[in-house]
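Please keep the sequence and the view at hand while reading.

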Amino acid sequence: MIKNTEIISALDEKVQLSVLENGLRVYLVSKPSFKSAYAVFGTCYGSVDTRFAKDGGEFIDVPAGIAHFLEHKLFESEDGDAFSRFAKTGASANAYTSFDRTCYLFSCSDKFYENLDILLDFVRHPYFTAQTVQKEQGIIGQEIRMYEDSPGWKLFVNLLNCLYKEHPVKIDITGTVESIAEITDKLLYSCYETFYNPKNMFVCIAGNIDCDEVLRRIDETTCNDKSCTVEKGQFCEPADIVTNRVNHNMPVSMPLFAFGIKDKPDIGLKDMLITSLLLCALCGPASKLFAELTEKNRIGSNLGFEYFFGHGFSALIMDGESCDPDETVALMREHFEKVQKEGLSEEAFEGARRRIYGNAVKHFDNAEDIVGELVDCAVHGFVPYKDLELLNSLTLEDANRRLREIDFSKAAVSIVR
Amino acid sequence: MSYQKLYDGIDFIFQKTNKFKTTLLSVHFYTKVTEENAAVNAILPYLLIGGAPDYPDFTAVNAKLNMLYGAELTCKIRLLGDIRQTSIQLAFINDSYANNPILKDATEFLHHIIFGRFERDYGFLEKEILREKRLLCQQIESLKNNKRAYARNKAKELLFSGEPAGIFCYGTTKAVEALTAEDILSAYKKLLKTARVRITAVGDTLPEGFAESMSAAFNMTERDYSPLPDDIATPYGETQTTVERMPVIQGKTVLGFCSEQGGDDLETLPMYVMADLLGGGPYSRLFLNVREKQSLCYYCAANALRSKGVMFVDSGIEPDNANRVSEAVQKEVKALAEGDFTEEELQTCKRALCDALQALKDDQVACEGFLSSRFRQLKEADLDAFTFEVSKITAEQVRSVAAKLKLRTIYTLLPEEVQEQ
């Protein structure tokens with residue numbers, strides 16, 4: 001049964017957002033001019049969810065990496081695996097686990113309803129045994145080793161460990177070879193039965209679809225699925241950081257750096273948007289900072305930046321390559337503190353606003369990008385495209401107010417050289 | 001799709017569609033790659049997008065892009081067999097989503113980026129050359145950061161030794177450092193004058209006279225175009241085995257196979273299908289047998305380079321499994337060569353390929369990439385026609401091309417302390 005449906009419009013597009021009686025949220029965007037469709041069936045469960053209680057019961061702690069492990073195993077069933085089912089329809093299927101979500105997806109240009117049925121079926125029917133768990137430990141062990149050879153990933157995980165003392169966002173999504181060795185089929189079922197319930201889950205689809213028919217099918221398939229209440233562990237994360245610098249040695253052509261500033265978590269959509277705009281204005285390719293760093297040969301061709309956030313954690317993160325990371329970060333700090341005092345210019349603000357708007361428009365060109373935005377809304381509880389509405393209303397004063405709130409003493413740098 | 005020949009060696013394809021909210025304009029130059037021209041042709045596009053007479057540095061260029069609502073100006077360099085493709089692209093939002101019209105401004109901006117220096121007799125400044133040399137050298141060195149890409153590149157160098165396809169498309173740091181302003185200016189003029197060019201537009205509207213203005217700009221260069229040679233299929237030879245050791249945790253192994261049957265036309269399509277059946281997706285032989293059943297690797301993928309008649313299989317492995325992985329891959333290739341696969345497996349692979357090809361129509365960048373990579377054969381630039389040809393490939397065609405494969409190269413990257421078994 002469908003509890004309610006609303007239509008949200010933006011830029012000639014419509015999102016149909018429905019909530020079913022059992023709590024499942026369904027976000028649908030019809031693109032009749034497209035040939036294909038992209039669909040995600042996901043859960044608000046990720047690597048940070050290492051402590052939880054179901055339906056008011058006792059809290060349990062689970063090994064690091066179990067959400068990702070579960071994602072791998074869910075493709076298997078007693079009769080075979082989901083990939084072989086998708087192979088019969090020609091769809092391309094995959095899945096991913098992040099800090100706060102796990103998503104199962106397919107894209108196809110034919111047989112959409114058959115693929116939707118497969119997706120809804122395999123995600124809702126887990127099958128774990130001691131033998132299959134043991135086999136997967138080998139495969140995931142190899143995946144962990146692959147990431148250990150990635151300087152970029154090492155840089156990022158080390159930065160999170162500088163910034164966060166208690167919050168499990170500092171734990172690697174895949175866990176460690178030791179932690180995944182503790183995973184059992186029983187633990188997998190326990191995590192599955194807690195987090196893979198309709199109230200905690202969502203379906204997001206964009207492409208050549210009939211929204212009403214898709215919604216009807218999803219409702220018909222899932223209407224008897226039972227929900228439960230999940231209480232996620234709270235972590236007493238202090239405002240302070242753990243350490244302001246970490247250096248990791250591994251062979252790289254040029255040292256990599258990541259400069260992170262710990263922010264107050266859960267600041268709301270408007271302030272998150274302002275912070276993203278600030279980062280674009282301060283660090284983007286048209287910025288004075290970027291010009292200065294390039295002039296002084298302090299960075300490579302890019303200075304990456306993002307506002308990294310989730311429940312209970314957020315940080316401004318900038319990264320790049322530099323022959324002298326400490327000097328580069330010192331220059332960046334000096335620049336930010338100067339702009340903090342003097343204020344951001346109207347030109348920089350408006351340029352960044354236009355760039356962010358343009359990027360938002362471009363997202364509508366790609367079904368996968370549209371679904372990515374909808375998944376973010378589902379996980380964080382945002383209203384789709386509310387950020388576009390807010391973007392037009394932001395002022396230079398908003399940006400400077402937010403800039404003054406950023407505490408540079410809560411900053412750390414991670415280096416790989 | 002509308003096709004227009006503008007000049008000898010220059011064509012223009014407009015994929016008119018209103019399904020996107022943006023327009024993507026691209027100018028692609030195709031040239032033969034040599035050791036002597038690799039570095040200069042690698043630095044050139046970066047210099048072009050980094051400044052122009054009316055936008056003297058990248059800050060000015062990016063300030064302009066901001067005002068065009070975050071338009072993206074990018075350059076790409078890649079090898080298509082023995083030919084280098086150098087691309088400059090501009091993507092921007094449609095006028096209906098902007099507060100002020102930008103279509104004309106954006107297209108004139110792209111024109112200026114590509115032709116401005118030639119039209120105004122404006123060279124390349126020492127300051128910008130120094131910056132781009134530094135960045136290009138860093139980019140060449142940074143290949144080592146991505147171990148999978150590094151291993152694939154090393155295998156290519158070995159398999160294509162002595163051939164243009166074996167030359168790293170950015171050249172060497174030594175060659176980059178030796179470049180002068182005169183070298184670069186000369187290469188720029190030569191590119192405009194002699195390269196094979198394809199201009200593409202994917203979007204709803206173009207300003208009137210777009211193709212004509214591009215045509216007129218190339219006319220000013222006094223074109224002197226000679227058709228590009230066909231790629232030469234890599235010949236059979238002794239199998240070379242190379243092991244390199246670096247401080248890594250996961251090993252990599254890349255196998256290179258030759259068939260001596262190259263070409264860019266539809267006759268080489270069986271190799272495309274065969275490579276996918278072998279190691280394309282989670283339905284493929286390598287995924288199911290080498291990864292899932294034998295747990296020998298985390299990934300194991302096959303890719304064909306049809307124009308050269310070669311196929312690469314690359315895997316991420318436990319270091320002490322290197323030989324076992326190599327043997328397992330060769331066993332699967334042999335099975336295909338002997339016809340030891342079912343019609344269902346072939347149909348599964350073709351379904352996945354056709355489905356993915358049709359989905360390209362909804363991806364502006366991928367759709368444009370398809371048009372630009374098929375610069376030799378206009379027929380192959382038609383996605384529906386290409387999909388149809390893929391669907392017709394038979395088991396016998398797949399078996400036949402697999403039977404021609406001979407292993408030429410095994411490149412393995414191992415940690416420093418592990419002994420091979």
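1. Is C323(A) buried, partly exposed or exposed? The model is a predicted one, and in it C323(A) has a relative accessible area of 44%, which makes this residue partly exposed.

2. A disulfide is a covalent bond between the sulfur atoms of two cysteines. Over all chains, the count of disulfides is zero. For C323(A), the closest cysteine sulfur belongs to C137(B) and is 13 Å away, too far for a bond. C297(B) is likewise in no disulfide, with the sulfur of C300(B) as its nearest cysteine sulfur at 4.2 Å. C297(B) counts as buried, its relative accessibility being 0%.

3. A pair of aromatic rings is described by the distance of the centres and the angle of the planes. The structure contains 40 aromatic pairs over all chains. One of them joins F75(A) and F83(A): the pair is stacked, at 4.5 Å centre to centre and with 5° between the planes. Both F75(A) and F83(A) are buried.

4. Y147(A) and W153(A) also form an aromatic pair, in this case tilted, with 6.1 Å centre to centre and 50° between the planes. Y147(A) is partly exposed at 31% relative accessibility, and W153(A) is partly exposed at 22%.

5. In chain B, the charged end of R148(B) lies over the ring of Y299(B), 3.8 Å from the ring centre. The charged end of K406(B) lies over the ring of Y236(B), 4.2 Å from its centre.

Technical notes: Residues are numbered from 1 along each chain as its sequence is written. Chains are lettered from A and ligands numbered from 1 in the order in which they are written. This is a predicted model: local features need pLDDT of at least 70, side-chain atom pairs count only at pLDDT 80 or more; totals for chains, interfaces and linings use all residues. Side-chain values use heavy atoms; hydrogens and water are left out. Rings of Phe, Tyr and Trp (its six-membered ring) pair if their centres lie within 6.5 Å; planes under 30 degrees apart count as stacked, over 60 as edge-to-face and the rest as tilted. Buried means under 20% relative accessible area, exposed over 50%, partly exposed in between (1.4 Å probe, protein chains only). A charge sits over a ring if NZ of Lys or CZ of Arg is within 6 Å of the ring centre and within 35 degrees of the ring normal. A disulfide is a pair of cysteine sulfur atoms within 2.5 Å.
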